[in-house]
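Please look over the sequence and the model before reading on.

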Amino acid sequence: MGVPPRELGSSVGERADLLAETIDGLDEALAAVDAFDRTLVAGLLRPQSAPAAGLTELAHAVAGTPLAARVAEAAEKAAVGAASEDHFVALAAARTALLGSVHDALMTLVEQVAGRPRSEEILPAPGGQQTANLLAAARSWLSDLARSGWQGIDHDVVSGAAHVVSAMLPDPAMRRLATLLDGFAAELAASCPGAAQERIPARRWADLWSRAMLLTLPGAADVPITGTATGRLLPLGVDVHEHATAAQAQVHAVFEPADGAAPRLVRAGVSVPKPDTIVGAGLWQLLRPHMSLLTAVSEGRSMDLVDMPVTAEGDLVWSDEHARPSEPADAFATARVALPTATSPATAPLDRHPARIAVPVFLEGYAAQREDDELTFTVAGHPLAVDTDRIPTAGPLTPEAVAASTACIGLLRWDAGKFSVQPLAVETTVRKKTVAIHAGGWAGGTADKAGVKAEKAATDAVAVLRERAGRLLRK
């Protein structure tokens with residue numbers, strides 16, 4: 001895959017036309033992935049001619065790579081319903097490699113648009129010890145899913161994950177895979193029986209299946225710590241992820257090292273399990289106690305870090321012991337001044353997926369148009385879709401505020417064949433004054449009337465749940 005070369009620059013607007021560039025080989029790679037995904041819809045216990053063709057297409061797509069021989073064997077065995085767990089791992093690896101190539105081609109283009117190079121740091125190979133029997137149990141369940149196919153799932157098949165997840169959760173080293181399996185099984189259970197489903201999210205479920213399958217390999221889930229960070233952290237915005245059983249807040253920021261080295265983009269995240277009755281602003285009550293950075297974001301402050309552990313991917317392994325609030329820092333000043341000079345982090349092999357592209361960008365001078373509930377920013381004469389569906393209900397930012405904005409800090413994403421921007425914060429005019437509205441504006445608490453009302457409702461819900469849990473424990 002190749003992208004036409006362009007000079008680097010700091011303004012997204014100047015190179016917005018690149019986002020519509022055709023990338024050689026991208027459509028073919030995605031077609032091979034889609035063909036394989038269709039085999040998982042029908043299942044691999046007794047493949048028919050169409051699923052077998054999808055397996056062949058996947059094998060051909062990785063011909064000439066180090067995976068070629070193993071994937072060809074796996075495709076041949078799966079085509080006759082004789083695939084083992086090792087064969088399923090090979091197929092998952094091939095699918096992941098294809099999407100990784102798509103990710104890399106898109107990121108090359110994004111780097112040109114944003115004018116920021118990626119880090120040249122070589123990521124260390126993961127390596128760690130995990131309970132082999134639990135990994136094998138998870139791999140066995142995932143193999144059963146592949147054999148039954150999404151159309152063949154029922155509650156008996158899906159429930160097989162429950163004992164694996166419950167055994168994994170107490171072990172921090174296994175929690176990443178456990179959370180993935182738990183959420184995946186919950187989605188599948190809500191769709192049982194598969195034969196009755198009119199529409200199956202084939203790409204999503206295949207993504208979850210292949211990622212989980214590779215995470216069952218010993219050490220694959222490890223995130224090596226490659227150093228520590230000492231310096232100033234300048235938050236840009238908060239991205240909120242919510243699932244029925246879990247929630248995550250991920251703060252995107254620019255880190256300025258104390259030793260004067262070049263600034264770089266980093267992330268700091270906190271994840272918690274949650275009951276499905278806690279939604280909206282109630283999420284902050286679960287997340288807030290685990291990370292002081294959320295309060296700093298709400299107050300518009302920077303943070304001073306001392307020896308904060310950090311991975312090569314730019315993920316801060318957050319600990320309040322290594323951070324303290326510092327001076328006020330306006331996110332839009334950071335976006336205008338510091339963001340263009342920040343280096344993007346490297347990407348770990350298992351994270352090379354187009355759906356995981358989330359690159360901080362700053363936009364201004366655009367024209368916003370809304371048509372058929374679709375919002376678009378016209379940047380330097382080129383349309384860029386705005387993903388308002390990703391704006392969390394747990395903050396003051398609204399689609400209406402985005403539509404009326406004059407500047408935007410967002411995450412550049414790619415989905416369904418096109419780029420879009422997810423707003424994290426906007427500048428807009430209220431009563432002839434320019435004001436900033438942040439998606440994470442309520443993260444650390446708020447005096448905003450709407451925020452106070454939402455927090456009170458969430459507090460009442462949490463109190464009821466705690467009282468019920470206490471009653472059960474007393475029994």
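Which helices are included in what covers the buried residues of H9? Helix H1 (26-42), helix H4 (85-114), helix H5 (132-148) and helix H8 (175-190) are among them, where buried means under 20% relative accessible area with a 1.4 Å probe and protein chains only. The model is predicted, local features need pLDDT of at least 70, side-chain atom pairs count only at pLDDT 80 or more, and totals for chains, interfaces and linings use all residues. Residues are numbered from 1 along each chain as its sequence is written, and side-chain values use heavy atoms, with hydrogens and water left out.

Because 11 of its 14 residues are buried, H9 is largely enclosed by the rest of the structure; Trp205, Leu208 and Trp209 are among those buried residues.

A search of the whole structure finds seven aromatic pairs, meaning rings of Phe, Tyr and Trp (its six-membered ring) whose centres lie within 6.5 Å, with planes under 30 degrees apart counted as stacked, over 60 as edge-to-face and the rest as tilted. Two of them are tabulated.

| Pair | Type | Centre to centre | Between the planes |
|---|---|---|---|
| Phe88 and Trp209 | edge-to-face | 6.4 Å | 85° |
| Tyr366 and Phe377 | stacked | 3.9 Å | 20° |

Both Tyr366 and Phe377 are buried. Phe88 is buried, with a relative accessible area of 1%, and Trp209 is buried at 0%. Ring pairs also link Trp141, Trp150, Phe184 and Trp205 into a cluster.

Definitions and conventions: Buried means under 20% relative accessible area, exposed over 50%, partly exposed in between (1.4 Å probe, protein chains only). Helices (H or I, at least four residues) and strands (E, at least two) are DSSP runs, numbered from the N terminus. Contact means heavy atoms within 4.5 Å.
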